[in-house]
Amino acid sequence: ALTTLIGPAQHRAIAQTKLDEGTYKTLLVNVDHRKQISLDGDWHTIIDPYGSGLYTFHNELRKDGYFLNEHKDNTEYDFSKSPTLKVPGDWNTQRELLHFYEGPLWYQRDFTYQKKANQRTFFHVGAANYRSFVWVNGKFACQHEGGFTPYDCDATDLLHDGDNFVVIAVDATRLAEGVPTLQTDWFNYGGLTRDVALVEVPTRFIDDYDLHLVRGTTNQIDGYVHVIGASAGDKVSVSIATPTPTTVEATVDANGRAAIQLYPGGLELWSPDHPRLYKVQLKTGEDTLDDEMGFRTVEVRGTQILLNGKPIFLHGVSIHAEAPIRTGRAYTQEDADTLLGWVKELGGNYARLAHYPHDQRMTRTADRLGVLIWSEIPVYWACHFGDPNTLALAQSQLHEMIRRDRNKASVILWSVANETPNNPERTKFLTTLANDAREYDPTRLITAALLVRTNGMTKIVDDPLGKALDVIGANEYVGWYEHEPSDIAQTKWQIDYQKPLIISEFGADAKFGLHGPADKRWTEEFQANVFTQQLIMLNNIPQLRGMSPWILMDFRSPRRVLPEIQDGFNRKGLVSEKGEKKQAFSVLQKAYKNNGVGKA
Ligand code: GCB
């Protein structure tokens, strides 16, 4: 009953449509180093709240939907006369009319193309929130569900020489059984929110690889290269431009996979203080793929997190993919430089990228700047943990996240969830995800942000999900959602796991420029005091190994409606959405710069 209040049946029709053929099967790794024909820019758009571009008046799938991009006498739409939106970019902040619109919305663009022999062409979408359907020259190419991970659809046979067009229907309608589910504390920016491009590869090409430093060593790099279009016995080579450049050749097996092992000479290990990246080149047949990679190990020993074998403390902050100054979904290099620049300015060595995978520019930039990264899938709050389709969806987003970023030295933590309700169904669901992540990438640490129980002035970490994790993440809001700031320092902690603990969130709202006494909520002084008291409390937790307070910058959230203070923004930022620093910024900066918290 509630779902019909959200929108008429057809409003949800596109988001819930499953077209049977063409679900993408390929996901190109390191696509930003591939030759691309960018399709960024102005796309024609049609707002289609009833889904009439895909459904007939009796709600059957149309054979002549908007995807045909027709111009007949009786055609009742015309992309060429419809207004444009910028790609990449959420639609909500580009046109006032679309501020709270969740879709569906149709995108169309013309482009010219020349087919080349012995080549495959993929249509790459960096991210489209939440579901999207791609047609090339009127033919269905692929669909994707999940708003924060990339996909590639094979357009080789759909393209022709000369004029071509592509139509993408994007629906950001929230679905109860989706990932994320209906309720979140962030804005549901819809649209083609990241780069769109054509990517050309030879018919035999590298789609995926993994190269990582082996734990306990300082010069052994293991992994694999996966090749599409290869025959067993085909060769691949991997070169690393260390002071003594090292190349290894390997042979592809019947599954297209070549195991790699090499010992580069003079390898300097990557760390936040020394974010050394090396040029890496992979080759097979006509395909050459370059990368820039750092090499380091990360592991847990008792309650320690070890980076390159040495204990490390994570001085960090949480970040949403929200664009500084202009607001809206972040996607530019400048956005990444600004956000991660603030982390460096704080004296931080770590960022939690909440609550979904961010644009690849963030992890690339973190590699370059030396910022350790926690990366997360949007399994957030009350997902439908009993639904096997929801699990499959979470698994595909987990896979896509790991696959895209597994060659980034900065990324050390995969998080499977945030603040989920503690019940057996949920524990089973998330344990499956944690085990999947570990199996898919045994070189990193698995975590989740747990809710913490309260008993009087004691915070208790005993969520059974902790058993499945390498590192315990815990969110707590002592001094904001519970108790007063003056209670924080006396709060005791009972942690049932002998594992490293990261306080993945704490914080308080403050409106930039609002001043008053330290016990007056919403003022900068109140927030600064919460940070001061929290740092005292956190210093007394012996197994604390890191923190990522909530949050670097104010971000848009429809839940935050208090006039004159929130006005549609969660105000827990250390800086406002315009980049103005609040007092708490310098409280945290002083602590991080003086190493005033967290002795590893
Ligand atoms: C939380 C959530 C985060 C919210 C934050 C808040 O615990 O993990 O997404 O934005 O609290 O401000 O309430």
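Predicted model: local features only at pLDDT ≥ 70, side-chain atom pairs only at ≥ 80, totals over all residues.
Q: Which domains does the chain have?
A: The assignment gives domain 1 (2-200), domain 2 (205-296) and domain 3 (315-591), with bounds that come from an automatic or database domain assignment.

Q: How far apart are domain 1 and domain 3, and how many residues does each give to the contact?
A: Their C-alpha centres lie 31 Å apart.

Q: What does UniProt list for residues 298-532?
A: The unreviewed UniProt entry gives "domain: Glycoside hydrolase family 2 catalytic" there, though such annotations may be inferred rather than shown by experiment. The span is 30% helix and 26% strand, counted from DSSP runs (helices H or I, at least four residues; strands E, at least two) that are numbered from the N terminus.

Q: Switching topic, which residues have the most contacts inside the largest nonpolar core?
A: They are V134, I168, A351 and V416, in a core of 163 residues. Such a core is a set of buried Ala, Val, Leu, Ile, Met, Phe, Trp, Tyr and Cys residues joined through C-beta atoms within 7 Å, and buried means that 20 or more other C-beta atoms lie within 10 Å of a residue's own, again placed from the backbone.

Q: Which helix gives the largest share of this core?
A: Helix α8 (residues 524-538) does, with seven residues.

Q: And what does A351 touch?
A: Leaving out residues up to four places away in sequence, A351 touches G316, V317, I319, L340, V343, A366, V371, I373 and S548. One of these, A366, is also among the buried residues of helix α4 (residues 360-369).

Q: Last one, which residues are around the ligand, and of what classes?
A: They are D185, H355, N418, E419, N475, E505, W550, N570 and K572, each with its C-beta atom, placed from the backbone, within 6 Å of the ligand. By class there are one nonpolar, four polar and four charged residues, counting Ala, Val, Leu, Ile, Met, Phe, Trp, Tyr, Cys and Pro as nonpolar, Asp, Glu, Lys and Arg as charged, and the others, Gly among them, as polar.

Terms used:
Residues numbered from 1 in each chain as written. Buried ≥ 20, exposed ≤ 12 C-beta atoms within 10 Å, placed from the backbone. Contact = placed C-beta atoms within 7 Å.
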